[in-house]
Amino acid sequence: MEYIDCLLTKQCNLNCYGCCRYAPLCNKDDIYDLNQFEEDIFNLYSNKIFVKLWVLTGGEPLLNKNFFKYI
């Protein structure tokens, strides 16, 4: 697998009219749970699915308080 796009949070500190992630309308507590992320990675690699590139996206991914733990 070439890459996986991980939506770490739908939160955003902007209010862009044409947001393709609907960040201005989302639940502000909507984040990708770190434990679920780790479990998903484990499942990928245990099934021999190797990812070349991980893309950490959002809303604004830096608004996820655990951002550096995902890295």
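Predicted model: local features only at pLDDT ≥ 70, side-chain atom pairs only at ≥ 80, totals over all residues.

Trainee: OK, then is Thr 57 buried or exposed?
Mentor: Thr 57 has 15% relative accessibility, and because the limit for buried is 20%, Thr 57 counts as buried.

Trainee: Where is Thr 57 found?
Mentor: In strand β2.

Trainee: And which side chain does the Thr 57 side chain make a polar contact with?
Mentor: That of Asp 5, at 3.1 Å. Leaving out residues up to four places away in sequence, Thr 57 also touches Cys 6, Leu 7, Leu 8, Thr 9 and Arg 21.

Trainee: Which residues of α1 are buried?
Mentor: Leu 34, Phe 37 and Leu 44. They cover an arc of only 85° around the axis, so they sit on the same side of α1.

Trainee: Why would residues three or four places apart point the same way?
Mentor: Because an α-helix has 3.6 residues a turn.

Trainee: What's exposed on the other side of α1?
Mentor: Asn 35 and Phe 42 are exposed there.

Trainee: And what do the buried residues of α1 pack against?
Mentor: They pack against β1 (3-9), β2 (53-58) and α2 (67-70). Take Leu 44: not counting residues up to four places away in sequence, Leu 44 touches Ile 4, Ile 49, Val 51 and Trp 54.

Trainee: Which residue caps the N-terminal end of α1?
Mentor: Asp 33, with a side-chain oxygen 3.3 Å from the backbone nitrogen of Asn 35. After α1 comes Lys 48, which has a positive phi, near 60°.

Trainee: Next, the core. How many residues are in the largest nonpolar core?
Mentor: Ten, including Ile 4, Leu 8, Tyr 32, Val 51 and Phe 67. At least two residues of this core come from each of β1, α1 and α2.

Trainee: What about cysteines: is Cys 6 buried or exposed?
Mentor: Cys 6 is at 5% relative accessibility, so Cys 6 counts as buried, and Cys 6 belongs to that core too. Cys 12, at 22%, counts as partly exposed.

Notes: Residues numbered from 1 in each chain as written. Heavy atoms only, no water. Buried < 20%, exposed > 50% of the residue type's maximum accessible area, 1.4 Å probe, protein only. Helix = DSSP H or I, 4+ residues; strand = E, 2+ residues; numbered from the N terminus. Arc of directions from axis to C-beta. Contact = heavy atoms within 4.5 Å. Polar contact = N/O pair within 3.5 Å; in protein donor to acceptor, adjacent residues only side chain to side chain. Core = buried A, V, L, I, M, F, W, Y, C linked by side-chain atoms within 4.5 Å.
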